[in-house]
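Please consider the sequence and the three-dimensional structure shown here before reading the notes. The briefing is arranged by topic.

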Amino acid sequence: MLIDQHQRVHNYLRISLTDACNFRCFYCMPNEEVEVSPMSKLMSKDEIVAFATLFVSLGVDKIRLTGGEPLVRKDFAKIILALSALPVTLSITTNGVLVHKYIEVFKQAQLRSINVSLDTLNAATFLALTKRDQFQQVKDNIDLLIAHDFSVKVNVVTMNGINHQEINSFVRWTQAEPIHVRFIEFMPFSQNQWMSQKVFTYQQILQTIGHEFSYIKIKDGKNDTTKKYKVLNHAGTFAIISTMTAPFCGNCNRLRLTADGKMKNCLFSKTETDLLTLMRSGVNMIDAITQNVLLKEKALGGQLLTDFTQIETQELENRSMIAIGG
Ligand code: SAM
Ligand code: SF4
């Protein structure tokens with residue numbers, strides 16, 4: 001088992017399949033043209049399966065595929081079908097735009113729950129946020145997933161002055177549809193135009209929802225990053241991921257593998273372990289993995305520990321979100 005110095009058991013691995021994406025969300029990636037890694041620097045399908053198998057042998061029983069956009073990888077179907085042979089709960093986080101091409105693959109891989117990111121219900125705002133005119137395709141694909149009985153979580157990065165006005169439209173959406181909307185506090189990463197004034201906090205989100213709806217708290221799972229709520233008589237739920245104002249590191253069970261094969265023990269960790277080079281050199285990786293877990297900081301990678309209004313983004317040591325794998 002992968003246990004850190006704070007007695008946290010790590011059974012959840014998030015694997016980034018690529019640092020490339022077909023969207024250009026400003027909060028996730030640098031503004032200028034970013035260079036994506038050449039395929040030779042990325043984990044191959046067989047390397048991904050070998051890593052997953054190794055982590056499963058060390059106690060991992062939940063794997064999420066992410067990126068960049070995982071569905072832009074040409075061998076995505078082969079990867080997920082190979083991983084579905086492992087004794088794990090598999091899931092994926094996607095921007096949704098290619099989902100219609102993979103419904104049958106998702107079923108074959110026995111995926112039950114899929115996270116789709118959608119920050120706005122307005123086509124013009126969608127274009128401004130992602131630089132792609134694909135609102136309707138993403139919305140249609142969420143409807144398609146619901147029609148095929150997948151459990152759909154909708155990730156909404158909630159930013160003051162950008163989309164906070166739409167919070168209640170998202171909650172209204174949960175009335176008839178069994179979706180789970182998750183409002184995510186805006187987090188700072190390398191070159192992502194983060195400013196503390198753009199953070200719309202957990203408390204502000206709840207207050208906004210309280211102006212229109214009566215909601216109840218529902219039970220969170222032991223390792224959940226979300227605080228879950230429900231408006232009575234709504235088919236779906238809403239939740240808040242409050243990384244900036246009420247972090248949830250105490251029960252963290254997550255580890256990450258970037259698309260170029262570096263292990264990170266936290267989204268905000270400064271250090272990485274280059275597992276792909278070790279694998280390609282034929283070195284046994286178990287010591288490196290256990291050491292990486294032991295070095296995990298108590299909270300937020302040892303960064304972002306001040307009140308969020310005091311954070312100096314130039315002092316953060318990290319990659320951009322798109323290069324980590326969210
Ligand atoms: N391309 C996929 C997608 O958009 O869902 C998967 C990768 S994306 C990096 C994973 C998640 O991270 C998305 O839900 C995205 O909205 C979220 N994310 C990206 N940058 C963020 C930021 N600065 N703060 C909070 N969440 C962020
Ligand atoms: Fe791409 Fe997802 Fe990042 Fe948007 S949030 S740029 S869709 S990886």
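This is a predicted model: local features need pLDDT of at least 70, side-chain atom pairs count only at pLDDT 80 or more; totals for chains, interfaces and linings use all residues.

**Surroundings of ligand 2**

- The shell around ligand 2 includes the cysteines Cys21, Cys25 and Cys28.
- Phe23, Met29, Gly68, Asn95 and Ile322 also belong to the surroundings of ligand 2.
- By residue class, the shell of ligand 2 contains six nonpolar and two polar residues, and no charged ones.

**Packing of H1 with H2**

- Two packed helices are described by the angle between their axes and the distance between the axes.
- For H1 and helix H2 (residues 76-83), the axes come within 10 Å and cross at roughly 25 degrees.
- H1 is therefore roughly parallel to H2, since angles under 35 degrees count as roughly parallel.
- The crossing of H1 and H2 is right-handed.
- On the H1 side, the contact is made by Lys45, Ile48, Val49 and Ala52, and on the H2 side by Lys78, Ile79, Ala82 and Leu83.
- The residues of this contact between H1 and H2 comprise six nonpolar and two charged, with no polar ones.

**Packing of H6 with H7**

- Helix H6 (residues 167-176) packs against helix H7 (residues 202-212) with the axes 9 Å apart and at an angle of about 60 degrees.
- H6 and H7 are therefore oblique to each other.
- This pair, H6 and H7, also has a crossing, which is right-handed.
- H6 contributes Ile167, Asn168, Val171 and Arg172 to the contact, where they meet Ile205, Thr208, Ile209 and Glu212 of H7.
- The contact of H6 with H7 consists of four nonpolar, two polar and two charged residues.

- Most residues other than glycine have a negative phi.
- Gln7, which is not a glycine, has a positive phi near 65 degrees.
- Gln7 is placed in the segment before strand E1 (12-16).
- With a relative accessible area of 61%, Gln7 is exposed, because exposed means over 50%.
- Asp149 is a residue other than glycine with a positive phi of about 70 degrees.
- The loop between helix H5 (135-147) and strand E5 (151-158) holds Asp149.
- Asp149 counts as exposed because its relative accessibility is 57%.

**Lys41: an exposed loop residue**

- Lys41 lies in the loop between E1 and helix H1 (45-57).
- The relative accessibility of Lys41 is 52%, so Lys41 counts as exposed.
- Apart from neighbours within four places in sequence, Lys41 is in contact with Ala259, Asp260 and Leu276.
- Lys41 and Asp143 are 102 residues apart along the chain, and 36 Å separates their C-alpha atoms.

**Thr225: a buried loop residue**

- Thr225 is located in the loop between strand E7 (215-217) and strand E8 (226-231).
- At 14% relative accessibility, Thr225 is buried, because buried means under 20%.
- When residues up to four places away in sequence are not counted, Thr225 touches Ile240, Ile241, Ser242, Phe248 and Arg254.

Note on methods
Residues are numbered from 1 along each chain as its sequence is written. Chains are lettered from A and ligands numbered from 1 in the order in which they are written. Side-chain values use heavy atoms; hydrogens and water are left out. A residue is near a molecule or strand if one of its heavy atoms lies within 4 Å of it. Ala, Val, Leu, Ile, Met, Phe, Trp, Tyr, Cys and Pro count as nonpolar, Asp, Glu, Lys and Arg as charged, and the others, Gly among them, as polar. Helices (H or I, at least four residues) and strands (E, at least two) are DSSP runs, numbered from the N terminus. Buried means under 20% relative accessible area, exposed over 50%, partly exposed in between (1.4 Å probe, protein chains only). Axes are lines fitted to C-alpha atoms, for helices over the stretch in contact, and angles run from 0 to 180 degrees between N-to-C directions. Angles under 35 degrees count as roughly parallel, over 145 as roughly antiparallel, 65 to 115 as roughly perpendicular and the rest as oblique. A crossing is left-handed if the near helix is turned anticlockwise from the far one by less than a right angle, and right-handed if clockwise. Contact means heavy atoms within 4.5 Å.
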